[in-house]
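I opened my notebook for a friendly first look at a protein chain. Here is what I looked up, one entry at a time.

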Amino acid sequence: MSFLALPRRVFSGMNNTFSLARAYSTKAPPTSSSLPASKQKLIPTSGSYPRGFLVSGISSAVKKSGAKDLALITSPEYPCSAAAVFTKNVFQAAPVVASRTRLQDNGGKGIHGMVTNSGCANAVTGAQGLENAKEMLEALDDLTGHQRSSLVMSTGVIGQHLKMDKILKGIQDSKQALGGDHKHWMDCAEAYMTTDTFPKLRSKTFQLPDSGVEYRMAGITKGAGMIHPNMATLLGTIVTDLGVAPGLLQYALTHAVDRSFNAISVDGDMSTNDTVALLANGGASGGKIVVEDVTSKDFEAFRENLTEFAQELSQLVVRDGEGATKFVKVSVEGAPSFEAAKTVASTIATSSLVKTALYGQDANWGRILCAVGYSGVSEIDPKKVSVSFIPQDQSEPLKLLVNGEPEQVDEARASEILRMEDLEIRVELNLGEEKTAYWTCDLSHEYISINADYRS
């Protein structure tokens, strides 16, 4: 379940294949037959989806290719508690402003739906862009029959206005396409896609310590480029049929995102539209709020289930990183604080020199150590730092640096590890007990090709 990692001479022979398959914002998505087997395995064939939610994904003809570009996620019967984490980019897109305002006005409750369009980001579009986002909210309100109860997300090319005649008609037409089975969820996920090469959909069941009820969670995300905290995906929506109080929902989502969507990077570019939203409708218990106490075991269990789920979703974005050939976990252990661990991990994961060395299968661990050194964590003691490559096939790790002293590196073994699809870079600071992980990919020639041709 990872990228196809081949020796460079073979991969470069496949570059044209990936260039043709990569789904640009106005082009048709790749067919499943054009995807490598490692990506096909990431597309689910079934799922367990939260009760009370109806979803759809259709083409509103915004994309010239006719590919799906309009997604609805609705909870017609049960109002949802809602939470979201938004981009910190100063140029915040109109849908970000509109959704944040709606959540603030509603106090994180009374939400019945989310509308998402792809192909046009409605970003840097001025007052008209904000009016267009509000029109989308009102159109979904009319569809669900609940006023001031909707959220909106958009993704695609920046600086262009939405084709509102097509969008509004598409929202109306979506009513007939709503459903709750796997096909409906797959259609919905496909409508989120821009440069993604596969739809990113996941679902799971879980239980709480004080309840024998089976709860469900589902999530859709999209993104392959312009991926970097804070946020660190273009779009993501997670829904559950567990009833959670609004304040607790925001707390849980922030915790989860800090350890998932804000712990991934593809290219170091932060989007104007990044949003991850969480809706909880209580559909498993007739719409009732079940989790209300932040100190309860039930809340802790929900938060951990949500965090693990968000990590799985966010890692799909890295695995589909534009031009990427490797999926890399950067682990930092023995840090004096969580924040310090994350800073070091982020610095390594976003280093262009580290990422290009990974693409070139070059065990240049000095670049890793260099990134640790300029991370800005003042407590770092060079004499205590250790660095290793951890292969994901459970074979012996390769130590590169131990307590500040370089090891005699077996270059053949290093090359063997770097040819693998998945690998881990582990850094031990020996300064405390905190640890974290960050997920990234390599940086290839193909990334340049994709982004040089994005609008053509």
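This is a predicted model: local features need pLDDT of at least 70, side-chain atom pairs count only at pLDDT 80 or more; totals for chains, interfaces and linings use all residues.

Residues are numbered from 1 along each chain as its sequence is written, and side-chain values use heavy atoms, with hydrogens and water left out.

**The whole chain.** I found 13 helices and 16 strands. Of the 456 residues, 59% count as buried; buried means under 20% relative accessible area, exposed over 50%, and partly exposed in between (1.4 Å probe, protein chains only). I also looked up contacts, meaning heavy atoms within 4.5 Å. Among those between residues at least 6 apart in sequence, 80% join residues at least 24 apart.

**Positive phi.** Where does Asn122 lie? I found Asn122 in the loop between β4 (113–120) and α4 (126–144). Its phi is positive, about 50°, although Asn122 is not a glycine. Asn122 is buried, with a relative accessible area of 0%.

Next I checked Gln394, in the loop between β12 (386–391) and β13 (398–402). Gln394 is not a glycine either, and its phi is positive, near 70°. Is Gln394 buried or exposed? Gln394 is exposed, with a relative accessible area of 73%.

**Helix α10.** I looked at residues 352–359 and found Val354, Lys355, Ala357, Leu358 and Tyr359 buried. After α10 comes Gln361, with a positive phi near 55°.

Technical notes:
Helices (H or I, at least four residues) and strands (E, at least two) are DSSP runs, numbered from the N terminus.
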